[in-house]
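Biologist: I'm new to this one. Can you walk me through it?
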Amino acid sequence: MTVSDSGPRMQSGPTSERHAPSQDDGSSESYAPSQDDGTTGSRTLSLDDGDLHVCQDGPRDAPALLLVHGSASSLRSWDAMVPLLAGRHHVIRIDLLGHGRSGKPDDRSYATPDQARRVGEALDRLGIEHAVVAGHSSGGVVATALAELRPGLVDALALINTGPSLEAYIPQEPLPLDPSRWPPTDDQILRFGRTAFSRPDFEVPQELVDEVRLMTFHTLTTTMRETTEYLKERALPDRLAGLGKPLLVLFGADDGRWRPSSAAGYRKVPGVTVELLPGLGHTPILEDPQRTAALLLDFTTRRR
């Protein structure tokens, strides 16, 4: 989701392609145990240009897996996936600046490379030297920027329903945004969110709606516009082709926001695996977390 005259709006080696089966460091910290094993932690990292909310799950000595949320979302969008991943990974989720429980300053840059830089700084603070990075929707754009900026940090990438270029975008009915009537109502958010799911009756978790309402008008519109600008500069497959990183692309075959056929554009990346997910829309991480997690775990296991 981005804001642009030509893009999404909220006013806002060999390759393989398959169809998947249908089925005190400047931080404040608090921990809430998961299954009584003490492996879940939530903290706020104070960076030079903003505070980032971070959640960690799973054994700290397991391979690191960073999950990056999309626009008008938060790290809570990964909630259903975490229990399925944390048995094998040190799972890290970050609310990007302007989103969720992170800071929302009006005087900081929300350009995609700056968002990626902050994510890298957060991983440095956590002592993470290498990670597989998975991004959903425009979170995959931030993941790509992180791999460009910090190739030594990013071992591999997984992009989930991340449009490769603006040409892949399916025009939507814009949702009128009025800064004088901010935040939007639940009904407005849910109407805009309908195209994020393959089933019109999909029940969006209320906590995700609430976290969209935490955003400011400035942070929402600016972050979406900056994603569009990044895609305008260069398509993601062109950026990724020269990085030499293992790449998994998952795409709901019924995505209503980005043409599913556009996933083929990633085939120019050497060694990429593209998985089309029948029966799923733009948000497989919520629509079918079990199937999505299984594919992601297979990818992370094979590359070790």
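Modeller: Of the chain's 304 residues, 56% count as buried (under 20% relative accessible area, 1.4 Å probe, protein chains only). This is a predicted model: local features need pLDDT of at least 70, side-chain atom pairs count only at pLDDT 80 or more, and totals for chains, interfaces and linings use all residues. Residues are numbered from 1 along each chain as its sequence is written, and side-chain values use heavy atoms, with hydrogens and water left out.

Biologist: How many helices and strands does the chain have?
Modeller: Nine helices and ten strands. These are DSSP runs, numbered from the N terminus: helices are H or I, at least four residues, and strands are E, at least two.

Biologist: Which residues have the most contacts inside the largest nonpolar core?
Modeller: Leu66, Ile92 and Leu247, in a core of 47 residues. Such a core is a set of buried Ala, Val, Leu, Ile, Met, Phe, Trp, Tyr and Cys residues joined through side-chain atoms within 4.5 Å. Helix 3 (residues 139-149) gives this core its largest share, six residues.

Biologist: What does Ile92 touch?
Modeller: Leaving out residues up to four places away in sequence, its partners include Val54, Ala64, Leu66, Leu123 and Ile128. Contact here means heavy atoms within 4.5 Å.

Biologist: And what lies apart from that core?
Modeller: Another core, of 28 residues, with Leu67, Val91, Leu277 and Ala293 among them.

Biologist: New topic. Where do helix 4 and helix 5 meet?
Modeller: Asp186, Ile189 and Leu190 in helix 4 meet Gln206, Val209, Val212 and Arg213 in helix 5.

Terms used:
Buried means under 20% relative accessible area, exposed over 50%, partly exposed in between (1.4 Å probe, protein chains only).
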